[in-house]
Amino acid sequence: MASKVIHALYIDDDILMDAVKKVRAEHYHIEEVYTPFPVHGLDKAMGLPHTRLAITAFMYGCVGLTVAITMMNYIMIEDWPQDIGGKPSFSYLENMPAFVPIMFELTVFFAAHLMVITFYMRSKLWPFKKAENPDVRTTDDHFLMEVNASNHDVEQLTNFLGDTGAVEIKIIDKEEDNH
Amino acid sequence: MIVGLVGLVIGFSQRPGSIEEVKEMMASHDAHGGGHGDSQIKENHGGDEGHGESANEKDAHGGDAHYEHVLHQLQNKPWASLYVAAFFFFMIALGVLAFYAIQFASQSGWSPVLFRVMEAITAYLVPGGIILFVILALSGFHINHLFVWADPEVVAHDALLQGKASWLNGTWFIIRAAFFLGGWILYRHFAVKYSRLQDEDTTGNKWYKKSFKISAAFLVFFIYTESMMSWDWIMSFDPHWFSTLFGWYVFASLFVSGITTIALVTIYLKSKGYLEFVNNSHIHDLAKFMFGISIFWTYLWFSQFMLIWYSNIPEEVTYFITRIEDYKLPFFGMLIMNFIFPLLVLMNSDFKRVNWFVVMAGIIILCGHYIDVFNMIMPATVGKSWFIGISEISAVLLFLGLFLFVVFRALTKAPLLAKGNPYLEESKHFHY
């Protein structure tokens, strides 16, 4: 289904922040904002929910710790409890200090890597992915706000966006939603 | 001023409770020290062989020698509990002082609104330091039996202690203690003075720059003296044992206790409405420090423990063997209090902004670090005869009362906002 969006370009992040607030106050739907760098507070102004990446990282860390404990308990204590240099391999607890470095490292390893992979998957990033950039200038010095215009009076919306400080406004017909 | 007055009343209401406790403590002390003192002196002069053992060594004592060993431990108990509490509260003030100097040296933009709280906590450095110095002097000259190396009888029978006698002897020990304390108190004095002068100096940052310079110099001085202080005041309880990591370990312990105390005092004053410029981002930052330094402490604890456990060299490992055999609960309990608990409680970013979470974690951390000091000192002084009883608790209450009294009285001495600080505006609007 073809949908109509308006691309409003800004050249300053402060103006962009104000514009985002005004657009939200008028209850227009912001599809996306493209910026060349992280704009502090933009997610709050857009009303985006908090990320839950930290929570996934904690759970991945727990998985890593479990993997480390199970692995070493099986190898060092249950499968072949050799006497290696007098270390007490009678139970896991007795020999635990020697395992702590591995437990720590695997916890960090799992937490870090799985969280990064989660981030890639959630934000749909991979090599050879086609870039979804509506305007090359947004990677350099322009800020672009994409507003859904399907159910609104385009003329009025364009004027409104012009008043918020946009330096350039384009009306785009999209064949299909790219996200 | 009003803050301080309220604080003063609170400080005073804490005091009577603790003074009664002091009497109680002294009574219990007399029961131990007085009752056994005479027999101790006689036996001492009897030149008994069993006396030559250092307190932390486990030896099969037979008959009188065993009783003498236990007797020493029991005599040490109130002294050691006094010492643990005195050192614990002193180290809080010292940790805060180090933190304060770091805030200056790193030109932090978030903390200036907390400077007056930190300055007030470090006010305890002077009375606490004097008390500690007196206790150290008494011990260094063998009025009590806290330090085995201070006992000439012991040293005469102990080749290891003779080898260390050029460092561990009463006079030199006291000179060093005076030097450390003098340097710390001197820095504290000038830092506070410059901070007050900066309040009045509206045109320039002359005093601020001076504070910056002395803070940087102090930090260099501090890290050397703190390290030596830990050898002198704590490690020398076990004079047969040594660890290179020890200074850092003690530092981590005092640093995290100090930061926790800043957080607790700040939250308290804020709840009474005296720190309207402190927002929950400041609390969040302090809680992050509590969390991070707790983990740093655990890292050092484990590094020290694991290296010694792993190599299992007899002369080093006795330190941990006595602690694990005789102090199982405090030794591993403090790991839970100082590591697992803050790790799980303070990990969540939202919880670090919730006052009661921070207070609860802070209290546990402080108790945990009291037990940490307890674990460092008690095994060498009272050995198996440890117990957290009346003398330990009342010593803590005594110094807690004194600490609160001094700190809250110091809070009355200056406005709670260091208004001359060039980073103050940034700090007031600090937001994370």
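Which residues make a nonpolar surface patch of about 650 Å²? The legends below begin with that patch. This is a predicted model, in which local features need pLDDT of at least 70, side-chain atom pairs count only at pLDDT 80 or more, and totals for chains, interfaces and linings use all residues. Residues are numbered from 1 along each chain as its sequence is written, chains are lettered from A in the order in which they are written, and side-chain values use heavy atoms, without hydrogens and water.

**View 1. The nonpolar surface patch of chains A and B.** The patch consists of A:Ile55, A:Phe58, A:Met59, B:Ile336, B:Ile340, B:Leu344 and B:Met347. At least two of its residues come from each of α3 (53-79) of chain A and α12 (328-345) of chain B; helices are DSSP runs of H or I with at least four residues, and strands are E runs of at least two. B:Leu344 belongs to helix α12 of chain B.

**View 2. Transmembrane regions recorded for chain A.** An unreviewed UniProt entry places this feature at residues 53-76 and 96-120. Residues 53-76 are 100% helix, with end C-alpha atoms 34 Å apart. Residues 96-120 are also 100% helix, and their end C-alpha atoms lie 35 Å apart.

**View 3. The loop residue A:His27.** A:His27 lies between α1 (13-25) and β2 (30-34) of chain A. Its phi is positive, near 65 degrees.

**View 4. The loop residue A:Phe128.** A:Phe128 is located between α4 (96-122) and β3 (143-148) of chain A. This residue, not a glycine, has a positive phi of about 65 degrees. A:Phe128 is exposed, with a relative accessible area of 87%.

Notes. Patch = residues over 30% accessible without salt bridge, like charges linked within 9 Å, V, L, I, M, F, W, Y side chains within 5 Å. Areas by Shrake-Rupley, 256 points an atom, 1.4 Å probe, with all protein chains shown as cover. Salt bridge = Lys/Arg side-chain N within 4 Å of Asp/Glu carboxyl O. UniProt positions renumbered as here; feature names shortened; annotations may be inferred. Buried < 20%, exposed > 50% of the residue type's maximum accessible area, 1.4 Å probe, protein only.
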